Structure formats: C-alpha cells, structure tokens
Amino acid sequence: MTTRIKKAELHCHIEGAASPALVKAQARKYNADVSGFISDDAYVWSDFTEFLVAYDGAASLFRSEEDYALLARTYLEGIAAENAIYAEIFVSPDHAAAAGLSPAAYFDGLADGIAAAKASTGIECRMIIVGVRHLGAEKVEAAARLASSRPHPLITGFGMAGEERFGRVADFARAFDIARDAGLGITIHAGELAGAESVRDALDHVRPARIGHGVRAIEDKTLVQRIADTGVVLEVCPGSNLALNVFPDIASHPFDRLRRAGVKVTLSSDDPPHFGSSIGREYQMAADAWGYDDAMLTGITRTSIEAAFLDEPTRAFLLGQLA
Ligand SMILES: Nc1ncnc2[nH]cnc12
Ligand SMILES: [Zn+2]
C-alpha cells in the first residue's frame with residue numbers, strides 16, 4: 001500500500017477540488033440549482049466541454065472569503081490525510097470575479113484556508129494564478145499583470161488552463177513574458193486535448209519550467225527527447241487523462257515510457273472529484289500499473305518538490321522529510 005509514502009501535488013485546480021457534496025451545500029447556502037451538473041452526489045459531464053460547464057457551475061457557488069477558506073482547507077486536510085506534505089493549487093481570478101469576488105478577497109480567503117490546514121496538519125501550499133485560455137489573450141494578459149503585481153506571498157507561479165484547442169500558444173506569449181519577468185514560476189497546460197504540436201509550441205513560445213500534462217508529447221520521439229534534455233517537468237495527471245479519454249486505459253498511458261526516456265514526471269489529480277481521483281489514488285494507480293516501489297514513488301515526490309515554485313528554505317525543509 002502507498003498510504004505511508006509522503007506525497008506532493010503540483011497540479012490541482014482549487015475550484016475543481018470541490019466535492020459534489022460541498023458544492024451541494026454551497027447551493028443550499030445560496031439557494032441555487034445544481035441539478036444540471038450534479039446527480040446522485042456525482043458530477044455529470046461526458047466530454048471536456050461539458051466538464052468545463054460543471055467546473056464553472058461549481059466555481060460560481062464560492063462567493064466569499066469564507067467559502068474559499070473552507071474549500072482550500074477541506075482540500076488540503078484531505079490530501080494531508082493521504083500523507084501529502086506539499087501542494088500547489090491553480091487559482092483562477094476570472095472564476096472568482098464571475099462569482100463577484102475581488103482578487104484580494106479571493107487570495108485572502110484561500111490563504112486563510114491554507115493557514116488553517118497548515119496549522120492542523122503541517123501541509124505546505126502555494127498558489128499559481130492561471131489565465132483561462134478560451135477567454136482570450138487579453139484576459140490572460142490581465143491575469144498575468146495581476147500575478148506580476150505579486151498580490152500575495154503564497155502566489156509563486158503563473159499558468160494557463162482552459163480549452164487547449166482555443167487559439168494558438170503564440171497568442172499568449174506576451175502574458176507569459178510579463179509573468180516570467182516578475183519572477184514567477186511558469187507552467188502551461190499543453191499536450192492534453194491537443195497533440196505533440198501543442199507541447200512543441202509551449203516550449204517554443206512560453207519556455208515553461210513545467211507543463212501541465214504534456215503527455216501527448218509521446219506522439220513525437222524527438223519531442224520527448226527534447227523535453228528530457230531540457231529538464232522541463234511534466235505535471236502528469238493519469239486519472240484525469242483516463243476520465244477525459246486522452247488515453248483509453250492505464251496500460252496505454254505513457255507515464256512510465258516518458259520516465260524511462262529521461263523525462264522528469266510527477267503525479268497529480270487535476271480535478272480530483274470530477275475524475276474519481278485523489279493524489280493518494282494517483283500514487284496507488286502508479287504502483288499498481290507500473291510496479292513502482294516505495295523508493296520509486298518517493299523519488300516522484302522528490303521530483304515534485306525539486307520542481308515546486310518554492311523558496312529554497314521551504315524546499316529544503318520538505319526534502320528533509322523525504323530523507
Ligand atoms: N484538465 C484541465 N485541462 C484544462 N483546463 C482545466 N481546468 C481544470 N481542469 C483542466
Ligand atoms: Zn489542469
């Protein structure tokens with residue numbers, strides 16, 4: 001069993017971490033109807049486009065600092081119970097604004113939840129502001145400018161999520177230049193819904209430290225070698241890739257092939273309750289599918305913490321817990 005392995009998660013959308021039960025409680029609080037995307041305590045969607053509708057619907061029910069503090073604390077205490085010692089969460093000011101929350105209230109609410117979970121479990125957490133690709137380059141640049149103002153000490157990165165098939169990566173290059181120039185860690189979703197060319201574009205135009213997913217790079221051997229040579233870290237989310245049918249089954253998932261090719265791979269759950277997953281389940285699935293032992297899995301956690309958008313003292317402290 002992998003329960004005793006110390007874990008880390010680099011790729012989890014905080015609005016996507018809200019369980020159906022929590023969203024239903026929020027719906028009662030705000031007298032909202034969620035039957036369009038929740039049924040029998042499960043999210044209801046059949047493809048990525050419908051997933052985004054459910055995601056946005058859930059996000060719309062977190063409307064105050066207290067709501068977000070509850071969401072962050074619930075998620076972090078839940079993964080700490082699975083022996084996670086570190087997490088980075090994607091936070092979306094565009095979703096908060098759509099729910100009527102200012103960036104400051106959004107970040108303060110999340111930070112309150114992060115502090116509460118750290119006090120109760122010791123888990124460390126940092127935030128990555130994401131632009132939403134299908135809202136267009138102007139909105140993503142606005143998110144990058146917000147991130148570059150360094151609005152909260154726990155915000156250490158900038159990324160982009162949303163519909164990968166919208167627009168071209170080059171359209172967003174300026175947003176990433178703004179964020180990189182402000183000293184933020186850079187990650188971008190690529191190679192999930194679009195193929196190897198999406199990953200190549202991300203490397204060429206964004207020069208990220210990490211790529212969200214990146215798994216369809218496997219379609220191009222020279223690209224895999226380029227990723228291995230450059231040391232760009234992949235935030236791999238196998239449960240998400242199976243649920244969204246990026247790959248039909250775990251046997252065809254390229255996680256282990258990428259690792260054997262020298263690519264730095266990590267494990268995350270992306271939007272855990274949507275995909276019937278959690279960081280604990282991702283580690284167990286890796287152990288079951290690819291025969292990873294405790295040392296291998298701890299090595300994956302070490303890769304995550306080495307790639308984390310973190311200050312060095314905190315990184316050293318976390319790595320010390322793996323020794
Ligand atoms: N898997 C995913 N891909 C792109 N955008 C997302 N937002 C939340 N989950 C996502
Ligand atoms: Zn994601």
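Student: Which residues line the second largest cavity?

Tutor: This is a predicted model. In it, the second largest cavity is lined by R133, M160, A161, G162, E164 and H189.

Student: How much space lies in the second largest cavity, and how does its lining divide?

Tutor: The space comes to about 30 Å³. The lining divides into two nonpolar, two polar and two charged residues.

Student: How many cavities of 30 Å³ or more does a search of the whole structure find?

Tutor: The search finds two. The largest cavity holds about 200 Å³ of space.

Student: What lines the largest cavity?

Tutor: Its lining has 20 residues, and H13, L52, Y55, A161 and G162 are the ones nearest the centre. The elements that give two or more residues to this lining are α2 (48-59) and β5 (124-132).

Student: Which element gives the most to it?

Tutor: That is α2, with five residues. By class, the lining of the largest cavity has nine nonpolar, seven polar and four charged residues.

Student: H13 came up there. On to the metal: which protein donors does the zinc ion (ligand 2) have?

Tutor: H13 is one of them, through NE2. H11 and H189 also give NE2, and D270 gives OD. The donors lie 2.1 to 2.3 Å from the zinc ion. H189 is also in the lining of the second largest cavity.

Student: Why is the arrangement around the zinc ion (ligand 2) irregular?

Tutor: Because the four donor atoms subtend angles of 86 to 174°. Four donors count as tetrahedral if all angles lie between 85 and 135 degrees.

Student: What spacing do the donors follow along the chain?

Tutor: The pattern is H-x1-H-x175-H-x80-D. H13 sits in strand β1 (residues 7-13) and D270 in the loop between β10 (264-267) and α12 (279-290), so this pair ties together parts 257 residues apart in sequence.

Student: Are H13 and D270 buried or exposed?

Tutor: Both are buried.

Student: Switching to the open spaces: what volume does the largest pocket have?

Tutor: About 180 Å³. The pocket is lined by 16 residues, with A17, T74, Y75, P272 and P273 nearest its centre.

Student: Where does the largest share of the pocket lining come from?

Tutor: Helix α3 (residues 65-80) gives five residues, the largest share. The whole lining of the pocket divides into nine nonpolar, six polar and one charged.

Student: D67 lies in helix α3 as well. Is D67 buried or exposed?

Tutor: D67 counts as buried because its relative accessibility is 2%, and the cut-off for buried is under 20%.

Student: What is D67 in contact with, leaving aside its neighbours within four places in sequence?

Tutor: The contacts are Q26, K29, Y30, L61 and F62.

Student: Last topic, the backbone. What phi does D41 have?

Tutor: D41 has a positive phi of about 60°, although it is not a glycine. D41 is in the loop between β2 (38-39) and β3 (42-43), and with a relative accessible area of 48% it is partly exposed.

Student: And what about the phi of H213?

Tutor: H213 is not a glycine either, and its phi is positive, about 75°. H213 is in strand β8 (residues 210-213). At 0% relative accessibility, H213 counts as buried.

Terms used. Residues numbered from 1 in each chain as written. Chains lettered and ligands numbered in written order. Predicted model: local features only at pLDDT ≥ 70, side-chain atom pairs only at ≥ 80, totals over all residues. Heavy atoms only, no water. 1 Å grid on protein atoms, 1.4 Å probe; cavity = no way out; pocket = protein on both sides within 12 Å on 5 of 7 lines; lining within 4 Å. Points joined across faces, edges and corners; volume = space filled by probe spheres on them. Helix = DSSP H or I, 4+ residues; strand = E, 2+ residues; numbered from the N terminus. Nonpolar A, V, L, I, M, F, W, Y, C, P; charged D, E, K, R; others polar. Buried < 20%, exposed > 50% of the residue type's maximum accessible area, 1.4 Å probe, protein only. Contact = heavy atoms within 4.5 Å. Donors = N, O, S within 2.8 Å, 3.2 Å for Na, K, Ca; no water. Tetrahedral: all angles 85-135°; square planar, octahedral: opposite > 155°, others 65-115°.
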